[in-house]
Amino acid sequence: IEKWERAEHSAVTTCPFCGVGCQIEVGARNNHIVRVRGQRGPNEGQLCVKGRFGLEFAESTDRLKTPMIRRDGVLVSATWDEALDLIAERLSSYKGDEFGMVASAKCTNEEVYLAQKFARVVMGTNNIDNCARLCHASTISGLSIAIGSGAMTNSIDDLRNAGCILVIGSNTTEQHPVIGLRIKEAKRRGARIIVANPRRIELCGIADVWIRNRPGTDLPLILGMCKSIKDAGLADMGFIRDRTEGFEDFARSLDELQMDVICGLTGVDESLIKEAALLYANGNPSSIVYSMGITQHACGTDNVLALANLAMMTGNIGVPGGGINPLRGQNNVQGACDMGALPNMLPGYQNVLSAEARAMIEGIWGMRIPERPGLTLVEMFDAARSGRIRAMYIIGENPVLSEPDAGHVIEALGDLDFLVVQDIFLTETAQLADVVLPAACSLEKDGTFTSTERRVQMVRRILAPPGDARPDWWILQEIALRMGYRKGFSFSSTAEIMNEISRVARIYGGISHERLESGGIQWPCTDPEHPGTSYLHRDGFANGRGRFSVLRYRPPEELPDSEYPMVLLTGRILYHYHTGTMTRRVHDLEYLRGEEVVEINPEDGANLGLNEGDLVEVASRRGSVRARVRLTDRSPKGTVFMTFHFSETPTNVLTSRCLDPVAKIPELKFCAVRIRKIQGS
Ligand code: SF4
């Protein structure tokens, strides 16, 4: 309190870490943060350890303070004029599909909007993507097919109204901690909790049913639940008749399924699958909460479609307390997709292939949009490797640590003629760039983020950026201007950019900074009088009728064998965020967890002669890393769990580039590895 009183000024802003979108009040004095506390908003004053104690990264002495240009192989400081002129000159020679852009889910909506506009009209390509490709691309594709909108259908607060919550492929208390609190609150209010997860996560402790299915078997598990519901006569035939299509074919496919085959694939008893199915069907209403355990598979789109089938056949969509709720990872990954930082979607999820959508936006921009969809993130690195892409501009992402098969990414970046990286730190990716541009972080600029529940909220400037660092939107605009694009890149504030967004993307039609001053608004919000939408699909689906899909199980692409006998599952932990560029510069978080550990089951440890703390090498067909062992029954037998937070142990050297054929999301949740002891503890 004493410190708080010494703050010269304070502002309410949005947490820069996960997609929950917690509201925080930050007090500052002499350009230093002196206090952080939770505010009213979706978090109701609650914060996790990152939001409460993790903002120190902004004041790190490692912050980039000047532009840098590579001269004679070394990055050296340069002026803004030198760096921007060089970029404008070099990019002018790579217009069209020789160029690729990676926008950042850490940037504001206004900045991402400008980034995709830059790629499309200045560079003339739809080669623009963001990190959603690595986390929820299959959500967008699956839910768009099934119900016409690839976003969380309901609200965080609404979990309180659920009679049953199925948490599948989400370690909610670690990765979306404040939503984890809502699930615990729902349990206290009487909701039944089903957890489906191969790992023993914290929520297993409050679950009525914990299904520990084998990794990569979510699809047969969900189909088994659907079959049990149908066979028990619990399908909501009224909802199916009035709101959906394709149920007959789906029902026939369920009749052909054999429960003993499902149990064999999943490793789960039939009685447990039936118990979970009946709990879900009788939840009245039931909510599905899922995350990357569902999406990061080569069958990720099918997994999402299966969850949509489950929700539709029980009528649990379009009702308070129900729905399908994908939890988005990064602070603004929902917004990055909303803004059209996708190779096949324009702002507001308007298809690039739609001549009508292109014409509408071209009318506002006064410039042509390329017709052909661009390349996705993983495809862009493949194209760089083969010489089809020759220049890239990467904003606020660190693919050297976050992409699968990281060795391939490093080679691809090395093959480029020209690489620009814009970030707040000299990340592992920035170290490979030809030009590095110092960006302001979210505490140093104004704009908006959109949280996982589609809530658009203000981001407010509290600190001055260090040195010469500048907001990403200012940098993008300066380059566009130097490339001759005054029209369309002459905004004087992010509020002006939002005004253009509201004209281009109908779901943001009623959103303005002025309105957001009195609190966040959930899209769709189509006009200035529209109050926003707390839950979707109340009266109908965006695509007319909900579509059931007939689905068949496909095993993961790289199964264990005698050479690589274990399965690697990757994920995140409470104390760190993404590739650790921000949280690893926070003393308290680093104290809580400062290095990677390899979590394996004690039985596997005994078979491999391992003790707690031993140093091991984990190897896949693509590379190897070293870290110390933690023996824990959180990991099921035969699996290894690691994060991608620690640059000293670049876990994604191991992971596979196998892609979901629809969403092009890599199978980050499953690859074959072996373990070798290097040194005792
Ligand atoms: Fe920030 Fe997410 Fe933690 Fe909330 S739950 S404080 S948004 S990291």
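Strands β12 and β13 (residues 324-326) pair in the parallel sense over three bridges, where pairing requires that DSSP find at least two bridges between two strands. Helices (H or I, at least four residues) and strands (E, at least two) are DSSP runs, numbered from the N terminus. The structure is a predicted model, in which local features need pLDDT of at least 70 and side-chain atom pairs count only at pLDDT 80 or more, while totals for chains, interfaces and linings use all residues. Residues are numbered from 1 along each chain as its sequence is written.

Strand β8 (residues 164-168) also runs parallel to β12, joined to it by five bridges. The table lists one facing residue pair for each of these partners.

Strand β12 (residues 286-290) is mostly covered, with five of its five residues buried. A residue is buried if 20 or more other C-beta atoms, placed from the backbone, lie within 10 Å of its own, exposed if 12 or fewer, and partly exposed in between. In a regular strand the side chains alternate between the two faces of the sheet. In β12, S286, I288 and Y290 lie on one side and S287 and V289 on the other, and all are buried.

The largest nonpolar core has 211 residues, of which I165, I194 and L307 touch the most other members. Helix α15 (residues 300-313) gives the most to this core, with nine residues. Such a core is a set of buried Ala, Val, Leu, Ile, Met, Phe, Trp, Tyr and Cys residues joined through C-beta atoms within 7 Å. Leaving aside residues up to four places away in sequence, I194 touches nearby chain segments through residues including C164, L166, V209 and Y280. 

The domain assignment of the chain gives domain 1 (2-59), domain 2 (68-134 + 332-450 + 470-504), domain 3 (137-327) and domain 4 (566-679); such bounds come from an automatic or database assignment. The centres of domain 1 and domain 4, taken over C-alpha atoms, are 31 Å apart. Eight residues of domain 1 are in contact with ten residues of domain 4, contact meaning C-beta atoms, placed from the backbone, within 7 Å.

A ligand is surrounded by 13 residues, the closest being C15, C18, C22, C48 and G51. A residue counts as near a molecule if its C-beta atom, placed from the backbone, lies within 6 Å of it. Helices α2 (49-53) and α8 (177-188) are the elements that give two or more residues to the shell around the ligand.

Conventions: Two residues are in contact if their C-beta atoms, placed from the backbone, lie within 7 Å.
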